Amino acid sequence: MAENGPVPPAEMEMAFRWRFYELNWGEDDLLLKNGRWRVIGVGLVVTAGMMVLYLFPPGFLTVLNHRIYDALLQASPRRETTGIPVIVDLDERSLQRFGQWPWPRYRVAALLEKIHHLGAEAVGVDIIFAEPDRTSPRTMVKDLHNDLSLNVSIYGLPDELMDFDRVLADALARGPFVLAYKFFAENADMQSSTCRLYPLRTAILAPAGVGRNTADIFTPTDVVCTIPVLAEAAGSSGFINIAVDEDGIYRKVPLIMRWNGAFYPSLALATLMRAHRSGNIVMQVAHQGLVALRIGTTTVPVDPWGQLLIRYRGPSPAFPHYSAADILDDAVPGNRFKGKIVFIGASAAGLKDNRATPFDPTSPGVEVHATVLDNLLRGDFLSHPQWATGAEFCTVFLSGVIATLLLFRSRARWSVMLVLLSGTLLWAGSTVCMMKTGVFISPMWALLTLGACFVALTVVKFWHEESEKRFFYTAFSHYVSGSVVNELVCSHQGLSLDGEEKTVSILFADLRGFSTLSEKLAPNQVSELLRACFTPLSRLVIESAGTMDKFIGDAMMAFWNAPVDVPQHAPRALDTALAMLDAMDHLNIRFRQSYGFNLELGIGLHSGLVRVGNMGSADLFDYTVIGDTVNLASRLEGLTRTYGLPLLVSETIRRACDGDFIFQEIDTVRVKGKHAPTTLYTAYRDGQKVPTADELTAWDAALALYRQRRFTRAATAFEQLGDRFEDRTLYRIYARRCMEFSAQPPGEAWDGVFVLNHK
């Protein structure tokens, strides 16, 4: 209220809109005037907290950082391979052609010989031959004697074919083959003392004053390896360990490991050195430990653990694959592998050698070794050096300072845009750095700092305005429903006369005979009685997410599913209607004590499409619903008097609530002003006064006779219903209607629809 009278509605709208703008987008709000240091203090505290979080990251943030690395890697241009690595694949077709794995070693020897004859520079075998071949004839003769006491002799087979391991060893001795073994971090009783491994010849290069620090390089405790006869024949080997991150993705691979005081190469590195006929590497160390490996003229960036970030070329297959079946069947042209380095591995699902990469959840493990070799050949590396960690730490601090200054000096809308721009620049900078230099500098921590500062400072800046908003909300809620206020506050469109079409459930409730009863009461008693009745009823509407529309004397109107969406709005509306009837039973106990009479409530409920929004004039708004659905809901409420029932619902409500409530069909009518017939139902739920099963069965039978035009029998059935059960108005109406139809039958076009000529 203004000093000179009520505020005009148009001015109230303008004041509301201006205040809403001021509270959300004002340039110099109260906090900026009186609490500047608080903004800076909160910004610095949040920044410090993010710096501590960077130093001690929780697991889920580490996984998130891995995913950001994957996104940047996937966004990088796909680089062509050198064309040197190729893969001979133990695929499904190979197993179908030559039988399940493991194959006899003579067949493996034949495969290696054919690959060598096709011109391969070196062949890395991603298979561990950890046990002797049990299919060798000499081994089978021995096993038959030991297991079954059978003395078996094999004639006509050359002695060199009696031991398939010896056959494979001879093949290995004739070619540039590199065998595989695998290190383990825990002792697994692998009999590692019998392993024949081939260490690297290494030199350590360190700046002056820096110790030869290689302590962080992985040092396993056990190994599973190829049997000595094969390892000795090959003369070269490498481990096949691949580092897996917390989320199960393979992004790194160790190039070297320390074992019994010596350094050993990975399979990819060993195969490269076998192809180049070199066995020397230089280990470059700095204060933090190992930083790079120099292989010939190539410097490979690694972390202190000796790991290389793998620069994948894309999803599998990234390299040429040749089926082992084609090699054995001589289906590959001669010299196809000339100048190539070949890896033998498995993609067959049953051999379980698949790995998840940033590009592919099921990439064959042999592709990882081929990718590492291609990285080494091309000198195309990714790295996350020690200085990148320092850069990330600095960006956390700078992002916090920038966000604080932006929110301290800028309007809210400009702050959002500038923070988004800063985040975009951080992401773009990381992307360009990774593409151009191969250095990964994670933008995640800086982005999290920007977001955390923005959220925290926004909360602080608007803390003081919340009390004023709360006052405004409370005051305005006395005039319209709380859900409408929420829509007005949250909507940037403000108040208007525009609406929208929406399906809602509408409830009309009326106190029957209240006008007559009120004549016996004083005016103040009438208002007290209405307030005592409508307060609990309207609360039931609000508690069920409904919207109170209006009070019309001794009636009320409510609806569900507007202005906000309400899931299952029809069942909620019906449940509220039944709760109102229960509430009236309790209220009538007090009304009888205070006023000496009961109040009866009639409720009509319908669901359908309406126009919902701010209706009225340019000067006075009324948030309500209009349309034929509203009219029908009002008609249903009026018909509760006709049928003597407290509740009538439409067919639409019954279909939406079928199964949750008990429905009794009442009639099919054509109300005044409508051509389409409407089927009426009343509803109950467990715990209420529900007609017995016998009564409902008898009712359905009587109603069926009525619709079959057997009016005399139907009249008798309805009269018997009144005699056997409660003498309800409904039964008397139908008995009287049937007698009238018996005396004067309706025309042949009668379809069971009763026409009502009153509202």
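## Contacts and overall make-up

Among the contacts in the protein with a separation of 6 or more, 77% are accounted for by residues 24 or more positions apart, a contact meaning heavy atoms within 4.5 Å. The structure is a predicted model, in which local features need pLDDT of at least 70 and side-chain atom pairs count only at pLDDT 80 or more, while totals for chains, interfaces and linings use all residues. Residues are numbered from 1 along each chain as its sequence is written, and side-chain values use heavy atoms, with hydrogens and water left out.

The protein contains 25 helices and 26 strands; these are DSSP runs numbered from the N terminus, with helices being H or I over at least four residues and strands being E over at least two. Of the 759 residues, 50% are buried, where buried means under 20% relative accessible area, exposed means over 50%, and partly exposed covers what is in between, with a 1.4 Å probe and protein chains only. The protein exposes about 37,000 Å², and carbon and sulfur atoms supply 56% of that area, as given by the Shrake-Rupley method with a 1.4 Å probe, in which only the protein chains shown count as cover for residues.

## Helices α23 and α25

Helix α23, residues 693-707, packs with helix α25, residues 729-743, at an angle of about 20°, and their axes are 11 Å apart. The axes are lines fitted to C-alpha atoms, for helices over the stretch in contact, and the angles run from 0 to 180 degrees between N-to-C directions. The angle therefore makes α23 roughly parallel to α25, given that angles under 35 degrees count as roughly parallel, over 145 as roughly antiparallel, 65 to 115 as roughly perpendicular and the rest as oblique. The two helices cross in the left-handed sense, which applies if the near helix is turned anticlockwise from the far one by less than a right angle, whereas clockwise gives a right-handed crossing.

On the α23 side the contact is made by Glu 695, Trp 699, Leu 703 and Tyr 706, and on the α25 side by Leu 730, Tyr 731, Tyr 734, Arg 737, Cys 738 and Phe 741. Sorted by class, the contact of α23 with α25 has 8 nonpolar, no polar and 2 charged residues; here Ala, Val, Leu, Ile, Met, Phe, Trp, Tyr, Cys and Pro count as nonpolar, Asp, Glu, Lys and Arg as charged, and the others, Gly among them, as polar.

## Helices α10 and α12

Helix α10, residues 267-275, and helix α12, residues 365-378, pack at an angle of about 50° with their axes 8 Å apart, so α10 is oblique to α12. The crossing of α10 with α12 is right-handed. From α10 the contact takes in Leu 267, Ala 268, Leu 269 and Leu 272, and from α12 it takes in His 369, Val 372, Leu 373, Leu 376 and Leu 377. The residues of this contact divide into 8 nonpolar, 1 polar and no charged.

In the loop between α10 and β10 (280-286) lies Gly 279, a buried residue with a relative accessible area of 18%. Gly 279 and Leu 200 are separated by 79 residues in sequence, but their C-alpha atoms are 5.9 Å apart in space. When residues up to four places away in sequence are not counted, Gly 279 touches Leu 200, Arg 201 and Met 273.

## Leu 647 in strand β23

Leu 647 belongs to strand β23, residues 647-649, and counts as buried because its relative accessibility is 0%. Its contacts, leaving aside neighbours within four places in sequence, are with Leu 574, Ala 577, Leu 578, Leu 581, Ile 603, Thr 640, Tyr 681, Thr 682 and Ala 683. Between Leu 647 and Ala 509 there are 138 residues of sequence separation and a C-alpha to C-alpha distance of 9.1 Å.

## Backbone exceptions

Most residues other than glycine have a negative phi, and most peptide bonds are trans. A cis peptide bond, with omega of about 5°, joins Trp 101 and Pro 102, and Pro 102 is found in the loop between α5 (92-98) and α6 (105-117). Another cis peptide bond joins Ala 562 and Pro 563, with omega of about 0°, and Pro 563 lies in the loop between β20 (555-560) and α20 (569-594).

The loop between β20 and α20 also holds Asn 561, whose phi is positive, near 85°, in a residue other than glycine; Asn 561 counts as buried at 10% relative accessibility. Asn 260 has a positive phi of about 55° although it is not a glycine, and is placed in the loop between β8 (256-259) and β9 (262-265). At 68% relative accessibility, Asn 260 counts as exposed.
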